[in-house]
Amino acid sequence: MLMELDTVKQSILEWMERFLEVEHPALGQWAPCPYARKARLDGRIDIRLGIDPYDDIVDIAGAGIGDKEVVVFAYDPDVYHHDYFHHAIQDANLAVREQGFISLDDHPDNEETVNGVSMNHGTYALSIVAPTANLNDASKKLYKAGYYDTWTSEYMDEVFVGREDPRK
């Protein structure tokens with residue numbers, strides 16, 4: 001798959017506007033990502049073409065993300081099999097834990113569903129890197145507000161690997 005940065009950015013931003021930011025009845029009228037709209041409108045999302053899932057996370061954790069809330073690295077899913085991609089990101093998360101960053105992975109061949117709703121981008125393999133403390137704080141607020149009420153315990157166990165679980 002030929003990946004051009006402008007096309008990748010457009011695809012991810014359209015996915016955010018049309019899916020991540022839209023309230024969904026199966027999710028208790030919550031948007032799949034309640035913070036996506038503000039971050040997008042404020043220009044606090046940095047979308048990049050990834051080179052290597054592990055190295056990209058380690059490099060960005062060392063350099064920092066400046067005034068951005070997240071850095072999204074996009075990869076060709078045909079180049080990175082979902083098992084390799086997931087494990088590379090898990091390994092990188094262990095390597096950057098002390099620096100206060102974590103990456104959430106999204107691969108089209110590893111469908112993630114919440115209450116029957118597919119949460120995946122679907123075209124690219126994504127590594128979404130953010131400060132761990134920010135994700136932990138947001139998760140605590142969302143948990144108290146009922147955001148996770150439609151999520152299974154098993155899915156929550158997967159999502160909260162390497163960071164604070166708001167249920168505890």
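Strand 2 (70-75) sends V70, V72 and A74 to one side and V71, F73 and Y75 to the other, and all of these residues are buried, where buried means under 20% relative accessible area, exposed means over 50% and partly exposed lies in between (1.4 Å probe, protein chains only). Strands, like helices, are DSSP runs numbered from the N terminus, a strand having at least two residues (E) and a helix at least four (H or I). The model described here is predicted, and local features need pLDDT of at least 70, side-chain atom pairs count only at pLDDT 80 or more, and totals for chains, interfaces and linings use all residues. Residues are numbered from 1 along each chain as its sequence is written, and side-chain values use heavy atoms, with hydrogens and water left out.

| Strand paired with strand 2 | Sense | Bridges | Residues opposite each other |
|---|---|---|---|
| Strand 1 (45-49) | parallel | five bridges | R48 and F73 |
| Strand 6 (125-131) | antiparallel | five bridges | V129 and V71 |

Strand 1 and strand 2 also belong, together with helix 3 (residues 53-63), to a right-handed β-α-β unit; a crossover is called right-handed if, with the strands pointing away from the viewer, the path from the first strand over the helix to the second runs clockwise.

In soluble globular proteins, nonpolar side chains tend to be buried together. A nonpolar core is a set of buried Ala, Val, Leu, Ile, Met, Phe, Trp, Tyr and Cys residues joined through side-chain atoms within 4.5 Å, and the largest one here has 31 residues, of which I12 and W151 touch the most other members. Among the elements that give two or more residues to this core are strand 1, strand 2, strand 6 and helix 5 (132-145), while helix 1 gives the most, with six residues. Apart from this core lies another, of 15 residues, including I57, F85, V96 and A125. Leaving aside its neighbours within four places in sequence, W151 is in contact (heavy atoms within 4.5 Å) with V114, M156 and V159.

Two loop residues deserve a separate look. Q29, in the loop between helix 1 and helix 2, has a positive phi of about 65° although it is not a glycine, and Q29 is partly exposed, with a relative accessible area of 43%. N115, in the loop between strand 4 (113-114) and strand 5 (117-118), is likewise not a glycine and has a positive phi near 50°, and N115 counts as partly exposed at 49% relative accessibility.

Note on methods
Pairing = 2+ DSSP bridges.
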